[in-house]
Amino acid sequence: MIRIERSVTISGLALAVTLLATPSARAQSADMTFFVTSNGPGKGADLGGLEGADAQCQKLAQAGGAGTKTWRAYLSTQAADGKPAVNARDRIGKGPWQNAKGTVVAKDVADLHGPANNLTKQTALSEKGEGITGAGDQPNRHDILTGSQPDGTAFAGSDDRTCKNWTSSTQGAAMVGHFDRRGLRDDEPSKSWNSSHPSRGPEGGCSQADLKSTGGDGLLYCFAAN
């Protein structure tokens with residue numbers, strides 16, 4: 001009988017601790033204004049354009065408890081079919097932005113694209129508040145789709161850097177960044193969170209398999225724009 005009572009008491013304490021911790025965790029998630037998607041749509045860099053990418057951010061934010069905000073994917077598009085280019089930096093609001101645990105990754109747009117931003121492997125958490133596997137981990141998922149130059153603007157010229165403005169899962173290429181700020185070399189592109197290298201691969205460069213082959217998984221940066 002004594003053993004049973006002790007077991008019940010311990011279980012009761014564990015339940016109480018869980019119940020007490022849950023509101024705090026939820027409140028923290030509700031204040032989240034930045035995350036890396038825990039998964040992509042599964043069609044490589046075919047995200048359904050900017051609208052589809054934004055919808056992916058919104059859906060995951062909702063699941064993470066922060067769905068009341070307006071979420072935007074950090075993606076640029078290139079000028080095509082008579083439509084002007086769109087800059088990722090112009091889509092994401094003014095900041096500041098913080099992760100699911102309340103750590104600020106950048107104060108504003110200038111800070112985000114400056115040398116002192118706080119976007120690292122430790123702070124680039126998913127909508128669940130979990131870390132993403134990066135360089136040296138299995139699997140490596142550190143390539144994040146951006147289609148952007150280091151200053152957050154779109155690429156000019158004819159070279160595809162957005163997998164046909166996020167509608168292709170075969171031909172084309174997408175510029176990616178390294179959320180963990182690590183690469184094969186100790187240089188600025190390898191350490192760039194938003195403009196490290198173009199995707200590539202035997203299926204054309206934009207398929208899910210091609211993205212995985214260079215250390216990606218079709219993941220996105222999501223920012224609350226309000």
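C222 is buried (under 20% relative accessible area, where exposed means over 50% and partly exposed lies in between, with a 1.4 Å probe and protein chains only), since its relative accessible area is 0%. The structure is a predicted model, in which local features need pLDDT of at least 70 and side-chain atom pairs count only at pLDDT 80 or more, while totals for chains, interfaces and linings use all residues. Residues are numbered from 1 along each chain as its sequence is written, and side-chain values use heavy atoms, with hydrogens and water left out.

A disulfide is a covalent bond between the sulfur atoms of two cysteines. In one of them, C222 is joined to C57, with the sulfur atoms 2.0 Å apart. Helices (H or I, at least four residues) and strands (E, at least two) are DSSP runs, numbered from the N terminus. The S-S torsion of C57 and C222 is about -75°, so the disulfide is left-handed. C57, with a relative accessibility of 0%, also counts as buried.

The other disulfide is formed by C163 and C206, whose sulfur atoms are 2.0 Å apart. C163 is located in helix α4 (residues 163-166) and C206 in the loop between β7 and α6 (208-213), so the bond ties together parts that are 43 residues apart in sequence. The torsion about the S-S bond of C163 and C206 is about -95°, and the disulfide is therefore left-handed. Both C163 and C206 are buried. When the bonded cysteines of the chain are numbered in sequence order, the pairing reads 1-4, 2-3.

Strand pairing was examined around β6 (residues 175-178). Two strands are taken to pair if DSSP finds at least two bridges between them. Strand β5 (residues 143-145) is joined to β6 by three bridges, and the two run antiparallel; within this pairing, G177 of β6 is the bridge partner of I144. Strand β6 is also joined to β7 (residues 197-198), by two bridges and again in an antiparallel arrangement. Here V176 stands opposite H197 of β7. Along β6, M175 and G177 point one way, whereas V176 and H178 point the other way, and all are buried.

How values were computed
Disulfide = S-S within 2.5 Å.
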